[in-house]
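Thanks for coming. I will go through one structure this morning, starting with a chain and ending at single residues.

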Amino acid sequence: MKEDFNIDEMLNGLIDGELTVRQQTEIQRLIRHDPQVAQRLRQLQRCKMLVGALPRDEAPDDMLERVKASLERRQLFGAEAGDFSRQEGAKHLLGRRLLAVAAMVGLIIALGAVIYSIVAPESVSEKSNLLRRETGRIAAKPEHILTDVAGRLVTAATFRGRLELKTADFTAVDAFIRRAIEENGISEYLGSTIQNNKSVYTLTCGRDKLSSLLSDMENIRPRFNSATLFVEQEPPGNEIVIPAVRPLQIAEIIGRNDYQGRIETARNLAVLNEVNKHLPAREILAAADSEKPASITIPKPVLTSSEKPDEKSSRQAETGEKMQLIIIVAGGQ
Amino acid sequence: MRSETANINIDEAVLVEQCRRGEPAALERLIIKYQNRLYNVILKICGNPDDAEELTQETFVKILEGIEGFSGRSSFYTWAFRIAVNLTINHCKRGQKLVTRSIDAEDSEYNEQTKAQLRELLQDDGSPEPTAVAQNREMCRIIIESLSKLDDTQRAVIVLRDIEDMSYAQIADVLDIELGTVKSRLSRARSGLREILEANFQ
């Protein structure tokens, strides 16, 4: 069968004048010696002749006009379609660009907020603002009282800060702090419970007493749900916010000998604590902390001399460097 | 026939360049020059005059729309016929079943005299006259309808070769197939056409 097709191809090539001279010689010799091949050649020739003899059909006379009309119609519709497509495309492109710009702006804002919260922690964070709004009215009153009653001491203070604590165990924590203040002989403090579950202590005292108080407060740190320190710096109203602050960190700040040193330490701690908030091991550290004994041991006052504590404190306050710390204890998570 | 093709090749470069520049007169000349040849090939492949008119019109539109992108790697002549044949074969594939039924229904309408004449033409010892065939409308109808029973691609090859008188190389260019494929396809087409024609009087 394949051989027949090959012979047919050769015969067709011969008919169509598509063979090389050598192929022509070969097939012509085959035709001369094989009558069947010769007959097949004539059959194929007649077939070709029949098709080739078909009359030539001519295109309709108006073909030119029809093509022109079709072209004009297409150009018209094409132009309209093109305009529409361009408009739609431009809208789509504009929409995509706006979306991209919005996404970029959003990303920049988010990144800026993160960077700002780390690099410039002195700004008040939203969380702190919420807490401040919550306690603002409460804090305002002691400030006012402080100005009226202890204006002289406030003016003299070289450290001014506000420690905002939140605890689920308000009664115990508040009692502990109240007792610790008394036992550390901080007589020049103004403290009052404004409402249930909220207490404000405005302390103005020497550095040693305040450090001792903070050292005592470290014992109940696990009971704090949150602890944020706001350190006031120049100009007034410009605060450094230290999240998740530990009492001993506050002691570290006030332990510095000058204003600049305290501010620098406060800033460093603000960055450090902010970074720690985002560390993955924080949960582990928190868990480790939670394993500490949760019992609160309230230190009892111990008299070490015949002097009354109040008298000693008053003398320190008048002669030493004054520190002002407002402690706001709020119940809740 | 060969000389006609040669004339097309000589003129086509100038004509195509003028058309690419958008000269309206050149576009008209192009249409006038090729309309009959394209229409004839299209009609012989699709078998329906109305369809052939539409397809010829569509072919010219596509040629003129695409002439700016015509690279010149092949000749304009084969490029134009490639568009025409592709459009026509695609059209045929869409309406193939309908056409076949129509031809089958008309088989019994051929008169006996035409069948006898066809038999003589296909005999070895006959001496057919092409003009006589062309003047016999019934005979032409049998041939065209027999052509339509071939596979679309085989029909296209045989029409391009025996009606348009293209060379094997040009057919390969138009159909975008190998030269060997043209030979085998043409061989099968002629063999198959003869069998179909013989079936008319057996």
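Of the 333 residues in chain A, 38% are buried, where buried means under 20% relative accessible area, exposed means over 50%, and partly exposed is in between, with a 1.4 Å probe and protein chains only. Before I go on, the ground rules. This is a predicted model, in which local features need pLDDT of at least 70 and side-chain atom pairs count only at pLDDT 80 or more, while totals for chains, interfaces and linings use all residues. Residues are numbered from 1 along each chain as its sequence is written, chains are lettered from A and ligands numbered from 1 in the order in which they are written, and side-chain values use heavy atoms, with hydrogens and water left out.

Chain A has eleven helices and six strands; these are DSSP runs numbered from the N terminus, with helices being H or I of at least four residues and strands E of at least two. Taking contacts in chain A with a separation of 6 or more, 75% are between residues 24 or more positions apart, a contact being heavy atoms within 4.5 Å. The accessible surface of the chain is about 19,300 Å², and carbon and sulfur atoms hold 55% of that. Those areas come from the Shrake-Rupley method with a 1.4 Å probe, and for residues only the protein chains shown count as cover.

Now the interface. The size of an interface is often given as the accessible area lost when the parts come together. Chains A and B bury about 4,100 Å² between them, 58% of it on carbon and sulfur atoms; this is the accessible area, 1.4 Å probe, that two parts lose on being put together, summed over both. On the chain A side 36 residues are in contact with 53 residues of chain B.

How many salt bridges does the rule find across the interface of chain A and chain B? It finds seven, the rule being a side-chain nitrogen of Lys or Arg within 4 Å of a carboxyl oxygen of Asp or Glu. B:Lys44 forms a salt bridge with A:Asp57, with the closest N and O atoms 2.6 Å apart. Helix 1, helix 3 (35–52) and helix 4 of chain A are the elements that give two or more residues to the side touching chain B. Helix 3 of chain A supplies the largest share of that side, twelve residues.

One residue to look at is A:Asn12, in helix 1 (residues 2–16) of chain A. It counts as buried because its relative accessible area is 1%. Apart from neighbours within four places in sequence, A:Asn12 contacts A:Leu44, and from the other chain B:Tyr168, B:Leu186, B:Ser187 and B:Arg190.

Helix 4 of chain A (residues 63–119) also holds A:Val101. With a relative accessible area of 47%, A:Val101 is partly exposed.

Two backbone angles to finish. A:Ala244 has a positive phi of about 45 degrees although it is not a glycine. A:Ala244 sits in the loop between strand 5 and helix 8 (247–254) of chain A, and is partly exposed at a relative accessible area of 43%. B:Asp165, also not a glycine, has a positive phi of about 65 degrees. Its loop runs between helix 9 (152–162) and helix 10 (168–175) of chain B. Is B:Asp165 buried or exposed? Its relative accessibility is 14%, so B:Asp165 counts as buried.
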